[in-house]
Amino acid sequence: MTTIIVTSSRSPHGNTRRIADTLSAGLDARVVSPAQATADLLADADLIGFGSGIYSLGFDERLLDCIATLPHMAGRAAFIFASSGLPEPPFARYTKRLARQLERRGFRVVGTFVCRGVDTWGPFKLVGGVSREHPSAADFERARSFAAGL
């Protein structure tokens, strides 16, 4: 099975990229940036992962723009992953919004993985950040298990 992981990680801590690399190792996948994720490249993949850090309760705009430019992918399997300093709030389900966007492009979303990641943005910097111990060894183990389940 050919797998490609499209990820955007802006954090200076590399949270999401480290999760992408862990997923990649478990899936024998190639990791690319949104700029590299052309329709031609993705057309050859059986499974495509889309992930980024969470910024202002949403995925990175570069990832969203990449998805918006893709043609209809006719039932291609996809998964979502993210890292965030805070848990996903029930009033702003960013993973569900991304799943709907992928489904509008014809993808079939087969799984979602989210974990915490150290966040030192804005006011969090004043207190040394939040989720300082994440992604943790347990988070990476959960990522490996998620990849194995795909």
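**Close-up views of a predicted model**

**Figure 1. Packing of helices H1 and H6.** Helix H1 (residues 15-27) and helix H6 (residues 137-149) cross at roughly 40°, and their axes come within 8 Å. This angle makes H1 oblique to H6. The crossing in which H1 passes H6 is right-handed. On the H1 side, the contact is formed by Arg-18, Ile-19, Thr-22, Leu-23, Gly-26 and Leu-27, which meet Phe-140, Ala-143, Arg-144, Phe-146 and Ala-147 of H6. By residue class, the contact of H1 with H6 comprises 7 nonpolar, 2 polar and 2 charged residues. The view, like those that follow, is taken from a predicted model.

**Figure 2. Overall arrangement of the secondary structure elements.** The protein contains 6 helices and 6 strands. Read from the N terminus, these elements follow the order β-α-β-α-β-β-α-β-α-β-α-α. The protein has 150 residues, of which 51% count as buried. Among contacts between residues at least 6 apart in sequence, 76% join residues at least 24 apart.

**Figure 3. The largest nonpolar core and the surroundings of Leu-42.** The largest nonpolar core of the protein has 25 residues, and those with the most contacts inside it are Val-6, Leu-42, Ile-48, Phe-50, Phe-59 and Phe-107. At least two residues of this core come from each of strand S1 (3-8), helix H2 (39-43), strand S3 (47-55), helix H3 (61-69), strand S5 (77-84) and helix H4 (94-104). A second, separate core of 17 residues includes Ala-20, Ala-29, Phe-81 and Ala-143. In soluble globular proteins, nonpolar side chains tend to be buried together. When residues up to four places away in sequence are not counted, Leu-42 touches Ile-4, Val-6, Ala-37, Ile-48, Phe-50, Leu-70, Met-73 and Arg-76.

**Figure 4. Ala-37 in the loop between S2 and H2.** Ala-37 is found in the loop that runs between S2 and H2. With a relative accessibility of 6%, Ala-37 counts as buried, because the threshold for burial is under 20%. Its contacts, leaving aside neighbours within four places in sequence, are with Val-6, Val-32, Leu-42, Cys-66 and Leu-70. Ala-37 and Val-6 are separated by 31 residues in sequence, whereas their C-alpha atoms are 6.7 Å apart in space.

**Figure 5. Packing of helices H3 and H4.** The axes of H3 and H4 are 9 Å apart, and the two helices pack at an angle of about 25°. H3 is therefore roughly parallel to H4. The crossing of these two helices, H3 and H4, is left-handed. Leu-64, Ile-67 and Ala-68 are the H3 residues of the contact, and they meet Leu-98, Gln-101 and Leu-102 of H4. The contact of H3 with H4 consists of 5 nonpolar residues and 1 polar residue, with no charged residue.

**Figure 6. Ser-52 in strand S3.** Ser-52 is found in strand S3 and is buried, with a relative accessible area of 0%. Neighbours within four places in sequence aside, Ser-52 is in contact with Thr-7, Ser-8, Thr-16, Phe-59, Asp-60, Leu-63, Phe-81, Ala-82 and Ser-83. Arg-17 lies 35 residues from Ser-52 along the chain, and the C-alpha atoms of the two residues are separated by 8.0 Å.

**Figure 7. Tyr-94 in helix H4.** Tyr-94 lies in helix H4. This residue, Tyr-94, counts as buried at 1% relative accessibility. The C-alpha atoms of Tyr-94 and Ile-54 are 8.4 Å apart in space, and the two residues are 40 residues apart in sequence.

Figure 8. Most residues other than glycine have a negative phi. The phi of Asp-28, a residue other than glycine, is positive, with a value near 50°. Asp-28 lies in the loop between H1 and strand S2 (30-32) and is exposed, with a relative accessible area of 70%. Ala-74, which is likewise not a glycine, has a positive phi of about 45°. Ala-74 is placed in the loop between H3 and S5 and counts as exposed at 62% relative accessibility.

Key: Residues are numbered from 1 along each chain as its sequence is written. This is a predicted model: local features need pLDDT of at least 70, side-chain atom pairs count only at pLDDT 80 or more; totals for chains, interfaces and linings use all residues. Side-chain values use heavy atoms; hydrogens and water are left out. A nonpolar core is a set of buried Ala, Val, Leu, Ile, Met, Phe, Trp, Tyr and Cys residues joined through side-chain atoms within 4.5 Å. Buried means under 20% relative accessible area, exposed over 50%, partly exposed in between (1.4 Å probe, protein chains only). Helices (H or I, at least four residues) and strands (E, at least two) are DSSP runs, numbered from the N terminus. Contact means heavy atoms within 4.5 Å. Axes are lines fitted to C-alpha atoms, for helices over the stretch in contact, and angles run from 0 to 180 degrees between N-to-C directions. Angles under 35 degrees count as roughly parallel, over 145 as roughly antiparallel, 65 to 115 as roughly perpendicular and the rest as oblique. A crossing is left-handed if the near helix is turned anticlockwise from the far one by less than a right angle, and right-handed if clockwise. Ala, Val, Leu, Ile, Met, Phe, Trp, Tyr, Cys and Pro count as nonpolar, Asp, Glu, Lys and Arg as charged, and the others, Gly among them, as polar.
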